[in-house]
Amino acid sequence: MAADGFLTPQPGTRDQPFPSPSYLLALRQGGLRDDLIALAAARGVPGWFDPPLCTFHDLPDWLGGTERKPCDDFERAVILGGVLRRLGGEVFGRMHRAEDFIGAVDRLFGELIAEGVEPDGFRASLEGCGQRDQFERQRDSELAIAYAEYGAALGAKGRRDGRDAWLDCARAIAADPEGLLRRLGGRREIRLLGLQDLRGGWRRLLRALAATPELHRVVIYSWGELDLGEGIEVEVRRADSPGAGSATPAGTVQVISAPDVERELELVATRVRALVDGGTPPARIAVVTRQARPYVDLALTALDKAAVPATARRRIALCEVPVVRALRALLAAAADGWSRHGLVELADQPCAATELDARILNFAGFRRRVRGLRAWHQALGELVTDARREDERRRAGEEPDDHRKPLPPLLRCERAAAQFERFAERAAALDGTHTLRHWLGWLDDFLTADPWHLRELIYQVPGRRFDIVRLDLNGWRGLTDIVRGWRAALDEWGGANAPIDVAEFYRQFSDLLDGDVALWTETQRGVQVLEGLAAAYRTFDHMFLVGLEAGRFPLPASTSPILDERERQVLHEAGLPLELRATWDARERELFGVLVAGAKRLTVSYARLDPSGREVVRSALVEELGDTCLLTGAEEGEEIPASCVSIPGIRLYAAPELREQAVHAARIEWGRRSRDPSPWNGLIEDPALVAHLAREFGDDRLWSPTQLESYAKCPWSYLSARLLGLDRLGDPDEEMDAATRGSLLHDALARFYGRAQERTAAPVFLRAIDLGWARPLMVQAMDDSLADARGHRWLGNGLLLPAKREELRRMLERFLDWEVQEHEDMENPKKKNAPRMVRTAVTGHEVAFHDIVLDRGGVRFRFRGSVDRVEVGVDERIDNPGRFIAAVDYKTTKYAVPGAGAKEAWGDGVVLQVPLYAYALSLVRPGSETARVEYRALRKPESVHALELYQFDQRTGGAVHNEAAAELMEAALDQVAHHVLRARRGEFPASPPDSCGCPEFCHAIEICRTAGGPRRNGWK
């Protein structure tokens, strides 16, 4: 009806050789215009040179306007920011950041200005609201003043808000009716198709059009009722189509119920594919969602899997465009005080050639907390110095400390430090405080100079992904427009002269990145993937209305931090034209009705779970649809069960050759379940690599017990750490990290026993009588360790250090009490096991051995290390007790011990450190015999994996060799040889023993090849 003049060919005349319709047709949106032109072409209409056809967006160009120039978003933000700062009231003046409320105030003022509300009318409505508390009255007063000042600022420069376009048109029509007739080309009729929302001044415009004598007819074509108000003489024609809300049942509607959004859209895609295969043109099928995100992108992905061409206008948040993210990363790093996280995030940006070395920044930042450019300069300089010393020690033939994290290569450290210095020269401009005008000038200059080649990197097309280039180019254009538009607004309106730091500038800049970048897909005649508003009033042979969960459609009305719904209701009743939630909900239902009315065949769908896995209910609109239609599908139990992982008809692979690859991968995964080494489970087969490993782990290799035990726990983890150089790092936080705590405990114990030995002039065997002097000596040793660590290790937040000291003190004193009690139990004949132990006393800590050779079963290897604690026999019950020694290895908790202390760890061949220590001591101290080896846990004191090779026999009055313990010792040394041999053969399978499992902190957890995934039980 509305477009009949466009769908009938009109013969030309002498006066009008190229005739066009005799009325102006304004359509709701561009999709309707495209449909109309396509329909006219299908009916043989040759076209028009100057068609009287436009969208609502372009309607002001036909109707005209006043000479008052509209403001843009940047100008409004600048003006309102200045107004709120000058206001200085009890409400807005006391806010920490009044800028946080500019958006809410702007939305409220936009509603008022679009409806032509004058400042006096706004104030009167606020004052007539009845009962208000003191805060509400003060807030309302400040809002009224701000609204008046905002209007006065616009009037002083002859400008208008920009959201009052229909009011501006109404004023122009009233002032010059003949001008309207000229712009319409003599046409005296206007038709509006799709007008539902009368907000924003539409009533004022319609009243002006109706009152214009030059127009003979104004017609509105709309679905549903329109409340035009009194005095508006225009014709309203309803399009009563079948669907929700219609008096006539619309037939059958298919309902799809899916576990989640992805499977919902995959099933829709298979239905679409069936329709296309059945002959339906893709352009006559629509997949419609209320909002673009996340459904449009997910729908495009699902349709691509079903090999269906699709057309969509994709919306990508401007702040998520890669090139914009790179700039945001720079400002975020500066706002965060140049923390490790911020700098690494910037270094990892592919769209910014900063040359920062993320790995070196991580290494320096994980050693201790670093903030600020100057501190980074110092930290990187110290790293270079340490790397140079390490390099000199290596050149001198010294082996690195196995307990310390290896430093990066010297050359890389030097290069990273130099690169950071170049970066810091430019980044220093972001330190300090400046006016907003200065910050914008810096940002404009930065984008123009482009020192990190952001623009140049945009044109480096990754794998013919021109869509990425288009996105970045649009993002770059939007970014420069924002900066220059914001800068021009400051030049025009002034203000913002107070100095702010980069963090505040970053917040304000991020607020203005609220827009979208819109890109059309390359396919233009595929299945239409549309937002609800873009699909309204259009017709399709098949429509799939997706995302009908509660909270998605109808979409909830937005809320304001300034006025709640109750207050808006009161103001509405006082005369302000504010939209209420009930009006919003009614319009959402009208939109749903319009969409349903445009579908010849309709399918609706919803997901039962949200992205977090919580259950959701379907929209009430589905129930309302059932009042007029017959719902089939989910109502009869035909829903996608959660157990259905893949939807039949969705491609699992993009090309036929990928099928064989998938089958091959499945065979690999099946084979990995055996845990045997294979090319896909840690077996090195390349001849060059195997030869390299044979040399690397050959007879000249100098192992350490820690390395060997690490290999035994998980060869794959050993490969990733020792050979691939992977590491799992964490930021130094407010707490002291575990490695630092363990180092402090070791150091404090070494200091304590050293000083105790000086005091007693003998090996230290503590008894209850010694606690009087031992406790203060232990505390002093701990304090000295903390003092020496300051400035060299990150000890956590200084405010928390006293509490951490107390924790360490309690831990060490508990260990001291436990050891004293163990010694007392050795003297107690009522105890069962303690009296049988050979009594040994502490004689040394960190006792080093440098080159020990072990030959087992034809496998010869060398190892080095140091024993945390060595004890010597002092048992007076035994002849020559000094020949006995004991080796003890400290662990903070028993969970750091192989197998978390489980006895099965011996059988799994992972208890290797203390047996190797005992073997080394037997060679370092000829004539000695190992009485005991053990791990000692400190947090909860206990002896773990203790192996008593000799015990006191009360019957014979001497030391007796423990054959069972000796067998375990020999078996452990045999296992060491076995592990060395496997490493030489290039075997690094992901097969942690059952007693160990996979620790949460493992650096290889993300690339774990353990069949079935990491087994997260066992050693910590």
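Are Trp166 and Trp202 buried or exposed?

Author: Trp166 and Trp202 are both buried, where buried means under 20% relative accessible area, exposed over 50% and partly exposed in between, with a 1.4 Å probe and protein chains only. The model is predicted, so local features need pLDDT of at least 70 and side-chain atom pairs count only at pLDDT 80 or more, while totals for chains, interfaces and linings use all residues. Residues are numbered from 1 along each chain as its sequence is written, and side-chain values use heavy atoms, with hydrogens and water left out.

Rings of Phe, Tyr and Trp (its six-membered ring) pair if their centres lie within 6.5 Å; planes under 30 degrees apart are stacked, over 60 edge-to-face, and the rest tilted. One of these pairs is Phe6 with Trp48, which is edge-to-face at 5.3 Å centre to centre and 75° between the planes. Phe6 belongs to the segment before strand S1 (24-27) and Trp48 to the loop between helix H1 (30-42) and strand S2 (53-55), so the pair ties together parts that are 42 residues apart in sequence. Helices (H or I, at least four residues) and strands (E, at least two) are DSSP runs numbered from the N terminus. Phe6 is buried, at a relative accessible area of 0%.

Back to the tryptophans: the ring centres of Trp166 and Trp202 are 4.4 Å apart and the planes stand at 35°, so this pair is tilted. Trp166 is in helix H7 (residues 165-175) and Trp202 in helix H9 (residues 202-210), so to speak a link between distant parts of the chain, 36 residues apart. Elsewhere, ring pairs join Trp338, Trp376, Phe420, Phe423, Trp442, Phe446 and Trp452 into a cluster.

Rings can also have a charge over them, meaning that NZ of Lys or CZ of Arg is within 6 Å of the ring centre and within 35 degrees of the ring normal. Arg869 lies over the face of Tyr753, 4.9 Å from the ring centre. The charged end of Arg877 is over the ring of Phe952, at 3.9 Å from its centre.

Cysteines come next. With a disulfide taken as a pair of cysteine sulfur atoms within 2.5 Å, the count is zero. For Cys71, the closest cysteine sulfur is that of Cys169, 17 Å away and too far for a bond. Cys71 is buried, with a relative accessible area of 6%. The sulfur of Cys319 has its closest cysteine sulfur in Cys351, at 14 Å, which is again too far for a bond.

A last stop is helix H22 (residues 565-573), whose buried residues are Glu567, Arg568 and Leu571. They span an arc of only 100° around the axis, so they are on the same side of H22; the arc is that of the directions from the helix axis to the C-beta atoms. An α-helix has 3.6 residues a turn, so residues three or four places apart point the same way. These buried residues of H22 pack against helix H4 (102-114), helix H5 (119-127) and helix H6 (134-156), with contact meaning heavy atoms within 4.5 Å. Just after H22, Gly575 has a positive phi of about 115°. In the loop between strand S15 (540-545) and H22 is Pro554, joined to Phe553 by a cis peptide bond with omega about 5°.
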